[in-house]
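Visitor: I would like to learn how to read charged side chains and helices in a model such as this one. Could you take me through some cases, with the general idea before each?

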Amino acid sequence: MESDEANTTNRPAEVDRFPNRDHAIVAQRVQRLFLHLNPPPEFSDAVALVPCAGRAKIDVNTDQLSKYMRGKYRDVQQRVYDYFNSRPELQTPIEISKDEHRELCMRQLMGLVREAGIKPFRYVVEDPAQYFAILEAVGSVDMSLGIKMGVQYSLWGGSVLNLGTKKHRDKYFEGIDNMEYPGCFAMTELHHGSNVQGIQTVATFDPVKDEFIIDTPNDGAIKWWIGNAAVHGKFATVFAKLILPNDIKGASDMGVHAFIVPIRDMKTHIALPGVEIHDCGHKVGLNGVDNGALRFHSVRIPRDNLLNRFGDVSRDGKYTSSLPSINKRFAATLGELVGGRVGLAYSSVGVLKIAVIIAVRYSLLRQQFGPPKQPEISILDYQSQQHKLMPMLASTYAFHFATLHLVNIYSEMKKTHDEQLVGDVHALSAGLKAYVTSYTAKSLSICREACGGHGYAAVNRFGSLRNDHDIFQTFEGDNTVLLQQVAGYLLKQYQEKFRGGTLTVTWNYLRDSMNSYLSQPNPVTARWEGEDHLRDPKFQLDAFRYRTSRLLHSVAVRLRKHSKTLGSFGAWNRCLNHLLTLAESHIESVVLAKFIDAVRSCPDASSRAALKLVCDLYALDRIWNDIGTYRNVDYVAPNKAKAIHKLTEYLSFQVKNVAKELVDAFDLPDYVTRAPIGMQAAEEAYSQYTQYAGF
């Protein structure tokens, strides 16, 4: 209001010359004052307020909340848990050597498929949501097992199904499904990881013998970090540049293609002629996975071993493709491999759940200090501990629903092959994989520290979880690179908005949000500080989207400016941190939107109230963490910023009151979490811990 006065009171001559303008200013200020005194009670039904925790602890029906969270694949996950619980010899011990862990991991996977009868491969295409549910459960048993299963079925098997044609599926499906054909996915090279188009391995067609010759031209082209290669793999999907003889130029590079290359003898398991295999050795984590390096010395394979869905070579050496360029074929190839990112994002949430369960249960159990001459209090009663763990618990719920949405639209994409959906899945999987895995990696360290010295004990799992999960940030796409892809998609949609084009589902909020950004913030709503307003999902979602639109518009202006002097590559690098922040902001907006949808869709009233409480904490905590952005543009006035901070702390306290019920709703048995300090029955935690030490 003060700024309006400053803009209008010191210009009497100008106002006198424009009486209509004077009337308009007065009318505008009266309208704003009316809205300030009479804020709208509620917004649209789509994001209506949900009854939530008042000033007392809410009741949470853990069974109903768990049923809503776990969904229709709860039974198959339980089968995984029950199988490994019934086979103690297949449970991974705390202390185990690299070689022993690798063999145990292979036995675990063989037992799951052949003894328990859980065959995930058939679901990779038929029911991806069930496949990812199995993957989450398997990763909870041992993260190395989850990755080994992913290499076998998502990567090696997925490449055959998604990049090959019927002849490949007919030949390899059963062997991959029943583990007779253990395989690997040989894309990464010593010198090239993220830049797949820069790989140097070549596959040259020999028209005389109707074969491809796979060759590693130099040390930089050695296939590196290839899961299943060091010990168990018999086949590899090898990514290489397809070279065709050409009478005019000598040879034509048709771009990167995928080839099935046998690497070991099916009976003797000895490396085949021309295939050189070495062990990448002991790693920071995931030592149950046998990562190896592959070099090819003129290895010949039949022409039919080209995975030819997007490009084929005839007997006489002619190349055909339904896609007109190398770049389009490459994009189509990588687009079919996006399931790996979907699986990592989903699995990372599973890791976060385990860590949060252990940390919260221990924080409720552990008592230190208290008022004079009174009993000690739980360390979760300390505001500092709530600040560490309660927003993290809220984020875990938020990520659960966001990645569940990702799995659902990925499943729909596999059925319909809708082009818009393909673009949405590619961008959202890149963004969620990057955002969630980075958040989980940081949270694992926070959980360890929140549990003090006992969190440092290997038996309580934070060390192995942190080490095993760490690589999630860089495989299946480096997180920094993936966020740049998201930023690129946002800029493309930004251009479409101003061209009047149609925005796809994931991005359509940008039209209204950008219009809102391009107008000035309302100085009245910027001051509203009532709890009902701050907890209204419309305010929360508008704030997230406003921030994204502001970042998008400002980075577009900067890129345009710098490209004049630095060129497009130099301008992108100059604005890189800005672009990464933009991508993260967009992903946070999507996560919140899906969380709000999940709250609204929950059929059980008590569960809906609990989810609303947690959703509010997720939203307001993130607004507060970036309060400087909102203050800089006067989207939030100082009094409102203070109210957001106070309410965030209060919501953390409220979530603390139901923290036990919230982590219990993840429905992970003690024999899955496997941490003495994280036992569901608090009275047993210390006794289990002391027994482990030998008392």
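Guide: Side chains of opposite charge can pair when their charged atoms come close. A salt bridge here is a side-chain nitrogen of Lys or Arg within 4 Å of a carboxyl oxygen of Asp or Glu, and the side chains of Asp304 and Lys167 meet in one, with 3.0 Å from N to O. This pair links distant parts of the chain, 137 residues apart, since Asp304 sits in the loop between strand 9 (299-302) and strand 10 (312-313) while Lys167 belongs to helix 10 (residues 166-177). Helices (H or I, at least four residues) and strands (E, at least two) are DSSP runs, numbered from the N terminus. The model is predicted, so that local features need pLDDT of at least 70 and side-chain atom pairs count only at pLDDT 80 or more, whereas totals for chains, interfaces and linings use all residues. Residues are numbered from 1 along each chain as its sequence is written, and side-chain values use heavy atoms, with hydrogens and water left out.

Visitor: How many salt bridges does a search of the whole structure find?

Guide: The search finds 33, and Lys98, Asp99, Arg102 and Asp279 are linked in a network of salt bridges.

Visitor: What span should helix 12 have?

Guide: The expected span of a helix is 1.5 Å times one less than its number of residues. For the 27 residues of helix 12 (residues 339-365) this gives 39 Å, which agrees with the 39 Å between its end C-alpha atoms. Helix 12 is mostly covered, with 26 of its 27 residues buried.

Visitor: Which side chain of opposite charge is nearest to Arg341?

Guide: Arg341, which lies in helix 12, is buried yet has no salt bridge, and the nearest side chain of opposite charge is Glu476, 5.1 Å away.

Note on methods. Buried means under 20% relative accessible area, exposed over 50%, partly exposed in between (1.4 Å probe, protein chains only). Lys and Arg count as positive and Asp and Glu as negative; His and the chain ends are not counted.
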